[in-house]
Amino acid sequence: ALIALVFLVLPSLVRVGFLLEPTASTDPTDLAWAAHRGLGALHVLPGLLMVALAPLQLSDALRRRWPALHRASGWGFVVTGLALSLSGAVMNVLFPV
């Protein structure tokens, strides 16, 4: 959980802050994020949702006690994964990294 927090959640929250209020930067990546804020949000926000849904998918107790919730979170995980993948593919073309 700590590894996910440090390597996935914190950098994503920093990027969300940048998307909400871009700062002056000369870094090409920051400039691309500022130019494509909607695409960036379509990438970062589903990623954060996937990090939140992952423990629900990995919980044996949840799957046994509340299978409908487990199934719904699984579908949410798949849909957010598709949004994350598609936005990442587009970002791969548009961003200069």
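This is a predicted model: local features need pLDDT of at least 70, side-chain atom pairs count only at pLDDT 80 or more; totals for chains, interfaces and linings use all residues.

Reader: Let's start with D30: does it count as buried, partly exposed or exposed, and at what relative accessibility?

Author: Residues are numbered from 1 along each chain as its sequence is written, and side-chain values use heavy atoms, with hydrogens and water left out. The classes are buried for under 20% relative accessible area, exposed for over 50% and partly exposed in between, with a 1.4 Å probe and protein chains only. D30 therefore counts as buried, at 18% relative accessibility.

Reader: Which residue does D30 meet in a salt bridge, and at what N to O distance?

Author: Side chains of opposite charge can pair when their charged atoms come close. The rule for a salt bridge is a side-chain nitrogen of Lys or Arg within 4 Å of a carboxyl oxygen of Asp or Glu. D30 sits in helix α2, and the pair links distant parts of the chain, 15 residues apart, with the partner in helix α1 (residues 2-20). That partner is R15, at 3.1 Å from N to O.

Reader: Which residues does D30 touch, leaving out those up to four places away in sequence?

Author: Contact here means heavy atoms within 4.5 Å. With that cut-off, D30 touches R15, F18 and S25.
The helices named here are DSSP runs of H or I with at least four residues, numbered from the N terminus, while strands are runs of E with at least two. The salt-bridge partner of D30 is among these contacts: R15.

Reader: How many salt bridges are there by this rule, and how far apart are the closest N and O atoms of D60 and R63?

Author: The count comes to two salt bridges. D60 and R63 both lie in helix α4 (residues 60-65), three residues apart, about one turn of the helix. D60 is partly exposed at 40% relative accessible area, and R63 is partly exposed at 41%. The closest N and O atoms of D60 and R63 are 2.7 Å apart.

Reader: Are α2 and α3 roughly parallel or roughly perpendicular to each other?

Author: Axes are lines fitted to C-alpha atoms, for helices over the stretch in contact, and angles run from 0 to 180 degrees between N-to-C directions. Angles under 35 degrees count as roughly parallel, over 145 as roughly antiparallel, 65 to 115 as roughly perpendicular and the rest as oblique. Helix α2 (residues 28-35) and helix α3 (residues 37-58) pack at about 95 degrees, with axes 5 Å apart. The two helices, α2 and α3, are therefore roughly perpendicular.

Reader: Which residues of α2 and α3 make the contact?

Author: On the α2 side the contact uses W33, A34 and A35. On the α3 side the residues are R37, G40 and V44.

Reader: Which helices do the buried residues of α5 pack against?

Author: In α5, the buried residues are H70, S73, G74, T80, G81, S87 and M91. These buried residues of α5 pack against α2, α3 and α4.

Reader: What residues does H43 touch, not counting those up to four places away in sequence?

Author: H43 is in helix α3 and counts as partly exposed, at 22% relative accessibility. The C-alpha atoms of H43 and S85 are separated by 8.0 Å, though the two are 42 residues apart along the chain. The residues that H43 touches are L84, S87, G88 and M91.
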